[in-house]
Amino acid sequence: MPDRTFEEAAKLAGYYSKARLAGKAEIDYIQKKHIKKPNGSKPGFVVYYTNYSMTITVDISDIELISD
């Protein structure tokens, strides 16, 4: 995928998180195959390996709206 796709997805993730108030966020992204839910862990808890991170501003004004 193009880098712009990752950047826009990271901006949206940061915008719709608690990091919106901070103005900047560090977002981790990863391939699905590197995520694991440990046996007996609480719902929603996962561990992951081989992740990548990017620091972004949570301003989404430059993201284009895609309409049908």
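Predicted model: local features only at pLDDT ≥ 70, side-chain atom pairs only at ≥ 80, totals over all residues.
Local features require pLDDT of at least 70 and side-chain atom pairs pLDDT 80 or more, whereas totals for chains, interfaces and linings use all residues. Residues are numbered from 1 along each chain as its sequence is written, and side-chain values use heavy atoms, without hydrogens and water.

**View 1. The chain follows the pattern α-β-β-β-β along its sequence.** It has 1 helix and 4 strands, taken as DSSP runs numbered from the N terminus (helices H or I, at least four residues; strands E, at least two). The radius of gyration over C-alpha atoms is 14 Å, well over the 11 Å that the globule rule gives for 68 residues, so the chain is more spread out than a compact globule. That rule is 2.2 Å times the number of residues to the power 0.38.

View 2. Arg 4 is partly exposed at 47% relative accessibility, as is Glu 8 at 22% (buried is under 20% relative accessible area, exposed over 50%, partly exposed in between; 1.4 Å probe, protein chains only).

**View 3. Asp 62 forms a salt bridge with Lys 11.** The closest N and O atoms lie 2.9 Å apart. This pair links distant parts of the chain, 51 residues apart: Asp 62 in the segment after β4 (52-57) and Lys 11 in helix α1. Lys 11 is buried, with a relative accessible area of 16%, while Asp 62 is partly exposed at 44%.

Terms used: Salt bridge = Lys/Arg side-chain N within 4 Å of Asp/Glu carboxyl O.
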